[in-house]
2 protein chains.
Amino acid sequence: MPKITFMPQNIIIEAKTASPLLEAARLAGVSVETPCGGKGVCRKCLVKIISGKVDVKSGSYKNSKENHVLICQTNILDEDVTIEILSGLYGEEGKFDDVFDVKKINDFTVNPIVKQIDLQILKAAPLDGLSDFDRLEKSLKLKFSEIIKSIKIPLEILKTLPLKLRENDGKVKMLYYFENENLNIIDIINIENTNIYGIAIDIGTTTVTVWIVDLITGKIISRKTDYNAQIECGLDIITRINYAQKNLNELQSRILNTINNLIKIISDENKININRIYYASIAGNTTMIHLFLGIIPEYIRLDPYTPAVFKIPVFNAFETGIKININAPVKFAPSVGSYVGGDITAGALCTPLCEDKNEIILFLDIGTNGEILLGNNEFILGCACSAGPAFEGGGIEFGMRASQGAIDCFNISETGEITIKTIDNAPPVGICGSGIISIVGEMFEKNIIDAAGRFTDKFPDKIKKDKKPYKFYITENITISEADIDNLIRAKGAIFSACRTLLNNMGLAFDDIDKIYIAGGFGRYLNIENAKTIGLLPNIPPEKIIYLGNTSIIGAYQILLSEEKGKKVMEIADRITYIDLSNESGYMDEYLGALFLPHTDSDLFK
Amino acid sequence: MPKITFMPQNIIIEAKTASPLLEAARLAGVSVETPCGGKGVCRKCLVKIISGKVDVKSGSYKNSKENHVLICQTNILDEDVTIEILSGLYGEEGKFDDVFDVKKINDFTVNPIVKQIDLQILKAAPLDGLSDFDRLEKSLKLKFSEIIKSIKIPLEILKTLPLKLRENDGKVKMLYYFENENLNIIDIINIENTNIYGIAIDIGTTTVTVWIVDLITGKIISRKTDYNAQIECGLDIITRINYAQKNLNELQSRILNTINNLIKIISDENKININRIYYASIAGNTTMIHLFLGIIPEYIRLDPYTPAVFKIPVFNAFETGIKININAPVKFAPSVGSYVGGDITAGALCTPLCEDKNEIILFLDIGTNGEILLGNNEFILGCACSAGPAFEGGGIEFGMRASQGAIDCFNISETGEITIKTIDNAPPVGICGSGIISIVGEMFEKNIIDAAGRFTDKFPDKIKKDKKPYKFYITENITISEADIDNLIRAKGAIFSACRTLLNNMGLAFDDIDKIYIAGGFGRYLNIENAKTIGLLPNIPPEKIIYLGNTSIIGAYQILLSEEKGKKVMEIADRITYIDLSNESGYMDEYLGALFLPHTDSDLFK
């Protein structure tokens, strides 16, 4: 049977001759996004054939120069093949949008709760009545000025304690953290080990990001992002919760596989011993955290929308299934509502909401769900709205993530000449979220579509009207349909009306906002003028709008490295008043008003 | 391949035709004691053939009436066989010596640290900002008057909390225990569950006893004892510690198998759901506890004799590998020295040492190791001596445990007529510890042996002198040799001289002792006059000598059921001054003096 090697994961599997390559990928546990259902349309499953020959269905998309094929249109021949998943794993090269100025977010003292200390243990003496553990305890009580109510030692450490205390004349390095006044031992190691690591994890509905960090200097060793392997079980949160009714274990192991795979790749690449990763912090929305821990998520989506838990207790890595040092504590950014999760509380750490400032800010984290905070040092309101996947390229026929070849900018002259820009200037393969905003904004400005998003009679030769939905040709192969435009309008309408509802709640208007902070993958390539044109953002001065990147992972990173930030995120969570939009009487009117380009109340966009 | 069924464990294994039955037993993980190395001499591997035919080596011992054969002398034929291990598992029938008056040891209030409480959880309400866990926490804080610093919920409970809180209108039963001011949740179950259980375990070097107990009434549901499956890796502690250098994992899984097998048998027999066993307490000597937890035991036996740990922290059942409710706390009786372990501190709970009495007592726990306490409410000295296995029938050619068919009493008239008594009046198959004491005492009294344990010229026809060691015929098949007698003298000499050393340390004599408490398997059938004759016990009035049975398991049972006894055993451990006999200058003289019958200083036995 031919061997199929999947890169960059380096997973090898034996597959049947003439079987679909997609099937082999699934058997290998390699995550491949196929939102079009394997029909060869969405082109999200693009892979590079590194070696070996495969059988590509005639007529399906391929790029012979780059050796790119669609995995869903390819069968295995009777020979070994090595392929590289292009849509899957991305590294520091920035194909995912977590690239930003690290120094800017690093304005805090590195002071993680997990610490190390070098100890000189008392020598064992005849008839001193002290066991090894007693000697350790005595040394600790001498060394620490803090009150120590109890010392907790994991059984795994106790098992080899006799050797540890004897191998270097009683000199050891201890990893530990305090919880209340209890000293928790994480590990006891040779003093010659100098490198200790932590890991920050952002569990998104669609993507998962892992940062491995030096716990002493705070330096980011490596960052990687991959698709959440749960996406094969449903693209949005509600589908996942439904899927969990019968398959909670599967969802849990899928996200664990994604995370552990990323950890393995980073640690292999950087020659990091995973047992030296002593602390993990995790940010994710309420549902993702429930699924990650295998907690029944059912009641998140059922009235009265009560999750099992908002503030997850500290568990150790072994309990959670993350493959780092088994005794490493795992800390979670707290949730405040069914749809306002740890991703946004962690994200708030990147905004002035964690400072004592009275300027009013709006914090938008736009992904599959839009999560929004409005507040200052006196109040914080939070809400969530379902934007749908349009901003991430989902629900759009040629939609794709903001990666190589994605159209992110579109212009059309009055004579109908189209100019496009793609990410990395690669040949266009689809349209990312900011591209859709650009296209819709430009088409609306040039009267190609009307305020309801329907094609006018301009440029009829560029519009395919043989059946609904009508489609407009962006390139020879890539189109945007009225259905796509409708998806975008509903998405921007959901976000905009949610912001308005929060403002109304406080008797505020957009003009009262001092700053708008935008987080989430799509924002990086976002043209703010286009966003205003379609009515996603109000007409406020551009200098008031600040793009922050993936604030969920940046917040998780801050929690990891700073005990103070860890306390701060808890305070922020306690301060947020959760607004349930489905129970807000004004929201539906706001939403209906926002289902036009830019809005029924065009005064808002003057 | 023929199927071999081992009863009462009901373990079935396929074995090769013509292969040794002993090999099949080992492959099946069925513990069979073969101290003679499978030579057919010790008769400790006696089994009953319940169905099927086997091939017994010609000339080897068998009892055709009872269908008893020696497992080490038997090969499998080409047919299925069902056999019952006679030497292995014993139940309440009392073949092992843990039978005693339960009421007498039950003189404490049943108040275990693990408790249950029925709760009515607040209903989930829209926008109350409370997760399920928050609602539980709120209900707990209302219900408890104690200070609750933190509430710890195991992940496994959190996973299904949403269902638990909703299935019965918010009525639940919670199992929990406090540790400092932290509330530890063990389980949340349906209020209709009324039975909750605990388990007391005595891990002996040779045998393991498990009691399953009703945690509310304190009633003992069932008691079972089995051989410690580690005995195949060495009979005594030192051999086990040496074996652990390369095979610690094996030793750990052997003892876990023994314990889990006993739990399974008891819970099956009594239809107890093992998930309803919510608490375990364990007593065992220092080495056994190290091996049970997989802790390196090496330094217990190396100068300066420093174990890894005396006071084991509370672990949960999952961590320890005991198959009961995974979150059940497991508590250990504390050790005080390399050879004065939790078995003796737990045992001390059965003596006036745990009361505020000034009467001086001597507490002897005699097994493979002799552990001795001397003290009252003002002082406690503790020491251990290696008695060897003689008192348990080991190291004696025809020695056996105090079970059916063991000779436990021997008389010989001046004309040489021998009268014996056996346990259960069964046909004699060997000699148990008390039997050896009886035989040696009687032979010394009747001048058949001298003070050094050598045969005199009395009854020469009963003595086989063709080669050393000379042997005396007790029955046609069962003999006692000078080597056997020598073993016994060394064993009693070790115990007696240890007692004397402790007394000397305090400037006391035997006459100062108010009571002698004897624990350990061999004591049950012990004739005190015989014990005095050989010099094991001093000549003090019989009413001062009290036999207590297996105090290790009784102590574990008390710790299980009583928070107060749990604290008491810690106090006792703290009060014990450990005397290391190998460092005591006077001990060797005492020992040498005790290597005669009854003693070189016969004034002690007047």
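Reader: Which residues touch the most other members of the largest nonpolar core?

Author: This is a predicted model, in which local features need pLDDT of at least 70 and side-chain atom pairs count only at pLDDT 80 or more, while totals for chains, interfaces and linings use all residues; side-chain values use heavy atoms, with hydrogens and water left out. Residues are numbered from 1 along each chain as its sequence is written, and chains are lettered from A and ligands numbered from 1 in the order in which they are written. A nonpolar core is a set of buried Ala, Val, Leu, Ile, Met, Phe, Trp, Tyr and Cys residues joined through side-chain atoms within 4.5 Å, where buried means under 20% relative accessible area, exposed over 50% and partly exposed in between, with a 1.4 Å probe and protein chains only. Of the 109 residues in the largest such core, those touching the most other members are A:Ile203, A:Phe292, A:Ile322, B:Leu136 and B:Met174.

Reader: Which helix gives the most residues to this core?

Author: Helices are DSSP runs of H or I with at least four residues, strands are runs of E with at least two, and both are numbered from the N terminus. With 11 residues, the element that gives the most to this core is helix 5 (residues 237-269) of chain A.

Reader: Is A:Asn285 buried or exposed?

Author: A:Asn285 sits in the loop between strand 16 (277-284) and helix 6 (286-293) of chain A. In contacts, meaning heavy atoms within 4.5 Å, and not counting residues up to four places away in sequence, A:Asn285 touches A:Ile203, A:Thr205, A:Ile237, A:Gly341, A:Gly342, A:Asp343 and A:Glu371. Because its relative accessibility is 8%, A:Asn285 counts as buried.

Reader: With which side chain does the side chain of A:Asn285 make a polar contact?

Author: A polar contact is a pair of N or O atoms within 3.5 Å; within protein, one must be able to donate a hydrogen and the other to accept it, and residues adjacent in sequence count only if both atoms are side-chain atoms. The side chain of A:Asn285 reaches the backbone nitrogen of A:Thr287 at 3.1 Å. Its polar contact with another side chain, at 3.0 Å, is with A:Thr205.

Reader: How much area do chain A and chain B bury between them?

Author: In contact across this interface are 46 residues of chain A and 46 residues of chain B. Buried area is the accessible area (1.4 Å probe) that two parts lose on being put together, summed over both. Carbon and sulfur atoms carry 66% of the area here, and the total is about 3,700 Å².

Reader: Which residues of chain A lose the most area to chain B?

Author: Three residues together account for 15% of what the side of chain A buries. They are A:Leu155, A:Lys159 and A:Tyr299.

Reader: With which residue of chain B does A:Glu179 form a salt bridge?

Author: A salt bridge is a side-chain nitrogen of Lys or Arg within 4 Å of a carboxyl oxygen of Asp or Glu, and the count between chain A and chain B is 2. The closest N and O atoms of the pair are 3.4 Å apart, and the partner of A:Glu179 is B:Lys152.

Reader: Which helix of chain A gives the most to the side that touches chain B?

Author: Between chain A and chain B, 10 residue pairs are in polar contact, both residues being at pLDDT 80 or more. Helix 3 (132-143), strand 10 (150-152), helix 4 (155-166) and helix 7 (317-320) of chain A each supply at least two residues of the touching side. With 8 residues, the element that gives the most is helix 4.

Reader: Is B:Lys159 buried or exposed?

Author: B:Glu156 and B:Lys159 lie 3 residues apart, about one turn, in helix 4 (residues 155-166) of chain B. Their side chains meet in a salt bridge at 3.0 Å, N to O. B:Glu156 is partly exposed at 40% relative accessibility, whereas B:Lys159, with a relative accessible area of 16%, is buried.
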